[in-house]
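Work through the exercises below with the model open beside you. Try each task before you read its solution.

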Amino acid sequence: VASREHLLFTSKSGLITITGVKLTTYRRMAKEVVDTFFRRKCRTQEIELFAAPPGDDVVRNYGSEAPRIVDRRPIVEGLPWVWGEVEFAVEREMARTLGDVLHRRTRLSLFDRERGRGVAKHVAQRMAPVLKWDAKELRAQMNAYESSL
């Protein structure tokens, strides 16, 4: 039987590893990491969670950061992810690969019928100027993404 608890480890080099992560306990885990790493009290419990109106996926997902998601046109019609999330993922969440955006930040690779293939090039083209990708890197990102499917 798998444990339902998370564990926090600190290596001799200072690397903090947390295992057994569950979304429902992210605040408790964040507190433990901050308390361990910074050796001070984490304020996460003092910060109110943002209540979003029903049906607004951007506000629900990004809370007070939602105004930064300017382009709210859907990447794929019928799915909740919007174009502004691509730039946000790169500029604010340190996404550095096409796969990171399509697999983890938006999860289009899981929910799109084409697994993101139909929009991958367009997503990569939006990422390219921010990450200073040239044509060669753009092709490499496309090839890596296709290989990951």
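**Exercise 1: Burial in helix H4**

The buried residues of H4 are Leu-98, Gly-99, Asp-100, Val-101, Leu-102 and His-103. This is a predicted model: local features need pLDDT of at least 70, side-chain atom pairs count only at pLDDT 80 or more, and totals for chains, interfaces and linings use all residues. Residues are numbered from 1 along each chain as its sequence is written, and side-chain values use heavy atoms, with hydrogens and water left out.

Task: decide how far H4 is enclosed, and find what its buried residues pack against.

Solution.
1. Take the cut-offs: buried means under 20% relative accessible area, exposed over 50%, partly exposed in between (1.4 Å probe, protein chains only).
2. Six of the eight residues of H4 are buried, so the helix is largely enclosed by the rest of the structure.
3. The buried residues pack against H3, H5, H6 and H7. Helices here are DSSP runs (H or I, at least four residues), numbered from the N terminus, as are strands (E, at least two).

**Exercise 2: H4 against H7**

Task: find the angle at which the axes of H4 and H7 cross, and classify the contact.

Solution.
1. The axes of H4 (residues 98-105) and H7 (residues 135-148) come within 8 Å and cross at roughly 40 degrees. Axes are lines fitted to C-alpha atoms, for helices over the stretch in contact, and angles run from 0 to 180 degrees between N-to-C directions.
2. That makes H4 oblique to H7. The classes are: under 35 degrees roughly parallel, over 145 roughly antiparallel, 65 to 115 roughly perpendicular, the rest oblique.
3. Leu-98, Gly-99, Leu-102 and His-103 in H4 meet Gln-141, Met-142, Tyr-145 and Ser-148 in H7. Contact means heavy atoms within 4.5 Å.
4. By class, the H4 contact with H7 has four nonpolar, four polar and no charged residues. Ala, Val, Leu, Ile, Met, Phe, Trp, Tyr, Cys and Pro count as nonpolar, Asp, Glu, Lys and Arg as charged, and the others, Gly among them, as polar.

**Exercise 3: Aromatic pairs**

Task: count the aromatic pairs and describe the one formed by Tyr-62 and Phe-88.

Solution.
1. Rings of Phe, Tyr and Trp (its six-membered ring) pair if their centres lie within 6.5 Å; planes under 30 degrees apart are stacked, over 60 edge-to-face, the rest tilted.
2. The count comes to two aromatic pairs.
3. Tyr-62 and Phe-88 are edge-to-face, 4.8 Å centre to centre, with 75 degrees between the planes.
4. Tyr-62 sits in helix H2 (residues 57-62) and Phe-88 in helix H3 (residues 84-92), 26 residues apart.
5. Both Tyr-62 and Phe-88 are buried.
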